[in-house]
Amino acid sequence: DYDPNSPKNALEKKRLNRMTAGAYEMGSVFKAFTIAMALDSGKVNLSTKLDARNPIRIGGGKIGDFHAKRRWLSVPESFIYSSNIASAKMAGLVGIENHKAFLKRLGLSTKMQLELPEIARPQSPKKWKLVNSYTIAFGHGITTTPLQTAVAAAALVNGGKLIPPTLFPRNKTEADIVAKQVVSRQTSKAMRYLMRKNSLEGSGRKASVLGYRVGGKTGTAEKVENGRYNKNKRYNSFLATFPVDNPRYIVLVCVDEPKPLEGERYATAAWNAGRMVGEVIKFSAPMLGVTPKFGGDKQLLKASY
C-alpha cells in the first residue's frame, strides 16, 4: 500500500497495479483458450487424438512437452498433461487468421476498457508466422493483463458470453445487454468438464477444495530477460472457477519468480499458485454463500461433445 500523505511513493515501480497495468506471458493458462478455439471451430472434439509422440521442429527451434507422454493424446489428455505439442497442433488445424480472430473476440489482443487509467496494452507479433501461432497456443509470444485473462476465462465457462468488466454495481439484465456470445454453449460445457477433470486428475489437484467443485488450469511461463527465456525464472499462474457445474467466480493467482518450498524440488505453478487458489477458495467460498456439495461430479464428468 502507499501513504496518501506522500503521494510521490505511489509512482514507485513496485507499486504498479499488476492486475491491469502489468502485461505478462501467461504460459499454459492459454491452453484453455486454444482448446476452446479448436472445439468451437469444429476442427476437433473431445474424442479427437493428436500426435504428441515427437517434438515439433520449426523456425530453428523445437517445441516439446514438459511431461512428455510420447504418444497420441486425446483432447482431455492434452489439457490434463498440458501438452505444448498438442496445443500447437490444434492451433495449426484452426489456422493463423482464425487464431488471431479468436483471441481478438475474447478481448485478449486488444486494450481492455475499464474505469481505471492504468491499463496495459497486450503485445503480440506484428506479423504472425506459423511458429508464432504454435507458441501462442501454449502462452508464449503474447502478453496480456491478468484481469483480461480472467475476463476471457469467465466467457469460457459461463455459457460462452464475454462480459466487459466494471468496478461499479451491475445487475444481470444490465450485464446481458453488454455481453457478447464468443463461444457456443456446447464449447463452454466442454471447457467446464475439462477444467474439472484437470482438478481431479491433472495439475490442478492441489487447488481442489472439498465440496466446492473447483476447476482450473496451471500456467508456468519462463521469464524473458535480454530477449531470451530464462529457465531459472518463472511467472506462474493458476486460473480457476467454482463451483464448476454452475460457475459464479473466477480466481486467478499469479506468482512472480517463485522458489521451491523447503524440502520440495519443484517451483511450477501447481506447487504454489495452485495451492494459493485452493486457500483463497477455502476461506472465501463460505463468506460468499457458496453452498458446498458432495459427490456431485458424476453428471459433469459424463459430459460428451
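How many helices and strands make up the secondary structure of the chain? There are eleven helices and nine strands. The model is predicted. Its chain has 305 residues, and 48% of them count as buried.

**Overall form**
- The radius of gyration is 19 Å, which agrees with the value near 19 Å for a compact globule of 305 residues.
- The C-alpha trace spans about 60 × 50 × 50 Å along its principal axes.

**Salt bridges**
- The whole structure holds eleven salt bridges.
- One of them joins arginine 105 to aspartate 40, with the closest N and O atoms 3.7 Å apart. This pair links distant parts of the chain: arginine 105 sits in helix H5 and aspartate 40 in helix H2, 65 residues apart.
- Arginine 105 is partly exposed at 36% relative accessibility. Aspartate 40 is partly exposed at 26%.
- Aspartate 176 and lysine 172 also form a salt bridge, at 2.9 Å from N to O. Both lie in helix H8, four residues apart, or about one turn of the helix.
- Within that pair, lysine 172 is exposed at 62%, while aspartate 176 is partly exposed at 34%.
- Aspartate 256 meets lysine 223 in a salt bridge, again at 2.9 Å from N to O. The pair connects strand E9 with strand E7, across 33 residues.

**Surface charge**
- Arg57, Lys62, Arg70 and Lys231 gather in a positively charged surface patch.
- Arginine 70 lies in the loop between strands E3 and E4. Its relative accessible area is 57%, so arginine 70 counts as exposed.

How values were computed
Residues are numbered from 1 along each chain as its sequence is written. This is a predicted model: local features need pLDDT of at least 70, side-chain atom pairs count only at pLDDT 80 or more; totals for chains, interfaces and linings use all residues. Side-chain values use heavy atoms; hydrogens and water are left out. Patches are made of residues with over 30% relative accessible area and no salt bridge: like charges are joined within 9 Å, nonpolar side chains (Val, Leu, Ile, Met, Phe, Trp, Tyr) within 5 Å. Accessible areas come from the Shrake-Rupley method with a 1.4 Å probe; for residues, only the protein chains shown count as cover. A salt bridge is a side-chain nitrogen of Lys or Arg within 4 Å of a carboxyl oxygen of Asp or Glu. Lys and Arg count as positive and Asp and Glu as negative; His and the chain ends are not counted. The place of a charge is taken as NZ of Lys, CZ of Arg, CG of Asp or CD of Glu. Helices (H or I, at least four residues) and strands (E, at least two) are DSSP runs, numbered from the N terminus. Buried means under 20% relative accessible area, exposed over 50%, partly exposed in between (1.4 Å probe, protein chains only). The radius of gyration is taken over C-alpha atoms; the globule rule is 2.2 Å times the number of residues to the power 0.38.
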